[in-house]
Amino acid sequence: MTQSSLTDVDWSKIPAPSDDGGAAHLTGMTIPAVALRATNDTSVTLSELKGRTVVFGYPRTGEPGKIGLVDDWDMIPGARGCTPQTCAFRDLFAELKAAGAAEVFGLSTQSNDYQTEMASRLHLPFPVLSDEALQLTRALKLPTMSVAGLTLIKRLALVIDDARITHVFYPVFPPDRNAGDVLDWLKRNPQKT
């Protein structure tokens, strides 16, 4: 299926994901020492970051005018919306930083090359991390889905304070509202020092 627009979506026609409990264990977990390649050509180890970090995970972003991963991608609950979610974090980036996020990262199992093209095309002010080898995904037991033989992260957002997950947004729907929900939470819950 060719996608005419990656950002203009009628969410009433897209099935919402249900809370399958796949992220229930994450709050309170310590981030493992896993280095991930980032779109700014660095290696990022989330467990080494001080202060508050926001990481939003998603299955995979699409490419304008390209055929989707599978014909029924839009009908897989939680699959559609990676680009709108990412663009919302881009658009609220300065406000997220002002509300206490020292760092903001996107996260998917897509390759760094794929993500780097996407980050450039969407003019992202933050790096996107590639967990193509599923190291962080497996270590944290992040909720995943299998599509076309690929393991993809189900959409979520994590607030991490000094390497410990303090809040999880899951399931996320509609995706374009996730950044605003995270921002509201940050404003209501300043990091304790």
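A residue is called buried when its relative accessible area is under 20%, exposed when over 50% and partly exposed in between (1.4 Å probe, protein chains only). Helices (H or I, at least four residues) and strands (E, at least two) are DSSP runs, numbered from the N terminus. The views show a predicted model, in which local features need pLDDT of at least 70, side-chain atom pairs count only at pLDDT 80 or more, and totals for chains, interfaces and linings use all residues. Residues are numbered from 1 along each chain as its sequence is written, and side-chain values use heavy atoms, leaving out hydrogens and water.

**View 1. Helix α1 is mostly covered.** Eight of the ten residues of α1 are buried, among them Cys82, Pro84 and Phe89.

**View 2. Helix α1 meets helix α5.** The axes of α1 (residues 82–91) and α5 (residues 178–188) come within 7 Å and cross at roughly 40 degrees. Axes are lines fitted to C-alpha atoms, for helices over the stretch in contact, and angles run from 0 to 180 degrees between N-to-C directions. On α1, Gln85, Ala88 and Phe89 make the contact, and on α5 Asn178, Ala179 and Val182 do.

**View 3. Seven strands form an open sheet with mixed pairing.** Follow the order β2-β1-β5-β4-β3-β8-β9; two strands pair if DSSP finds at least two bridges between them. β2 (43–45) and β9 (164–169) stand at the edges, each with a single partner strand, so one side of each lacks a neighbour in the sheet. The parallel strands β3 and β4 are joined by five bridges.

Notes: Contact means heavy atoms within 4.5 Å.
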